[in-house]
Structure formats: C-alpha cells, structure tokens
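We'll go stop by stop, with something to select at each one.

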Amino acid sequence: MQRSLSVDPPGVPYIEGYTPGEALRKGQHVQLVCRSRGGNPPAQLIWYKNENQARMAYRTTDRLSENIYSFVAEASDNKVRLRCEANNIMATRILKAEVTLNVLFAPTQVIVSGPSEARIGDSVALQCQTTASNPAADIKWIVNGKQVANATSKVVPSPEGGWVTTSNITATVEPNKRSLVAICHGVNMQLPENIQSTHTVNVLRKYYSAYFRERFKNCTRIECFPPGPPIISGYTEGSILAEGTKHKLMCISSGGNPLATLVWYKNDKKVSVNKLKLN
C-alpha cells in the first residue's frame, strides 16, 4: 500500500520581540524572531531591512520554521521597515509580516552661531541648532549664568530621520562685562543625554578721546582697553613750598593695555622725567 505525502503552503509568518510603536533606545540590543507554522515542505523564512535582504539563515523543527534576527539599534534604524517573508513551492503568493522601528536617540551636538565681538549696549542675535534627534530635542539657553525665558524655537523633520530643533535669542551686552557667555543645552526628557555648546562674545571697548582712538586704532579685541585717569601724589593743592627745597611728585595711572604713557608738563612745556612701569 502506498502513502501519499501532502504538499501544503506555509502558515502566515508572525514576528515576536517587538510591539508596533514600541520605543527602542539607540545602543539597545534587539532580537526579533520570525516564525511560520505548517507547510510541507516547511517555509523558507527571509528577513528584509527596507528592501534589502538582511538574513536568510533559518531553521525548522517538525512543522515550525524560525528565523532569528539580532542587531544593535542605531539612530539610522529609526523608521526602518523590517519584513519577514515566508514561502515554499506550494505558496501561491509570498506571505509576510512587517514592523516599523521607532528608535529614540539624542542629538550628537548643538551648534551655536552668532558674532564673536560686540560693544556695550549692542543687541546680539544668537542661534542654536541641534543635529537630528528623536523625539525632537528641547533647547535651553543660559546667558551670563541666567536662564533665558523668551527664546523662540522651531522644529523641522531631518532628511536623515528624526527632528532638528532651532532656537533664536537676542541678548544685550551689559556694561562692566568683559564678555557675554551663552550656553545652549539640547535636552530630551526621554533620554539621559544633555548636549551643550558654549559661545563667547568678546566686548569691544569704546575709546572716547581722539588720543585713545588713535593710540588703540589697531585694537579690535577685549585685550586692548584704556588706562585709568592719572593721580598725582606728593603734593596737596594749596600747600606752600619753600624756595630752594626739593620736592618729589608721583603720577600714577593704573590699568590699561597697553600700559599708559605718562608725560609731565610744567605750564605748557613738556618736562623730561623718569618713568617706572609696574606690571
């Protein structure tokens, strides 16, 4: 007596190890299992990543076929479609199961742009932009140690996947400050990373007299600034000096870069004297 072997198509494949919409983190180890039951011969299972073949190796046990796909989630895996196809010689069509990955990742950097120099009282426009992240990163500004509350932000899709956040602020250069220091933080409440960048705006000093404007005309950075007003010591206004006595007067000017040049005049005639520079 002869036995006939039945030839059947495989069962519809199904995927285990990932739930649609589930959030994976960048760097997370992921293992997905595709299975198909039934079919004679057992189903051939193939994994595809988008439209590219990712893994062909599968195994069969009785009437169960199984293909395990393991990987480490990367930022580039966000929105990737993983598809498992089941087929045998009796299938009239390719059977498949598919998932789309959702991978959370922080921006790799924030970039601050704006002027590097400004004068006291100037309004300085600064911009901070993140690289792609998912979900979109929030931008926080700290200027001269104080958090900025009136920043404007815009979020746009990134061509590489994820979102790019851009924020703009205007800060005023304060008097008695040598620089304006702005720190931009790119933060995401769903991720632990805090990416930041610092931008410094050096303060240019205004030289009010024609003498100083000429003296410091080549100074464009904060390292150049005028000296303090000169102070004369050794004589009190209105004191009487005896004829023939020697008297020592000292003129001092502090600060300034470069140091001040001190010149004595007697009436309107320049007097040659010794000068001492103290660093």
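Which cysteine forms a disulfide with Cys-34, and how many Å apart are their sulfur atoms? Select Cys-34 and Cys-84: these two form the disulfide, with 1.9 Å between the sulfur atoms. (A disulfide here is a pair of cysteine sulfur atoms within 2.5 Å.)

A word on what you're looking at: this is a predicted model, where local features need pLDDT of at least 70 and side-chain atom pairs count only at pLDDT 80 or more, while totals for chains, interfaces and linings use all residues. Residues are numbered from 1 along each chain as its sequence is written, and side-chain values use heavy atoms, leaving out hydrogens and water.

**Stop 1: the link you just selected**

Look down the S-S bond of Cys-34 and Cys-84: the angle about it is -80 degrees, a left-handed link. The pair ties together distant parts of the chain, 50 residues apart, with Cys-34 in strand β3 (residues 29-37) and Cys-84 in strand β8 (residues 81-87). (Strands are DSSP runs of E, at least two residues, numbered from the N terminus.) Cys-34 is buried, at 0% relative accessible area, and Cys-84 is buried at 0% as well. (Buried means under 20% relative accessible area, exposed over 50%, and partly exposed in between, using a 1.4 Å probe and protein chains only.)

**Stop 2: the other disulfide**

A search of the whole structure turns up two disulfides. Now select Cys-128 and Cys-184, whose sulfur atoms are 1.9 Å apart in a disulfide. This link is left-handed, with -75 degrees about the S-S bond. It joins Cys-128 in strand β13 (residues 123-130) to Cys-184 in strand β18 (residues 179-187), 56 residues apart. Cys-128 is buried at 0% relative accessibility, and so is Cys-184 at 0%.

**Stop 3: strand β11**

Next, select residues 110-113, which make up strand β11. β11 runs antiparallel to β13, joined by four bridges. (Strands pair if DSSP finds at least two bridges between them.) To see one of these contacts, pick Ser-113 and its bridge partner in β13, Gln-127.

**Stop 4: a loop**

Finally, go to Ser-76, in the loop between β7 (64-72) and β8. Is Ser-76 buried or exposed? At 56% relative accessibility, Ser-76 counts as exposed.
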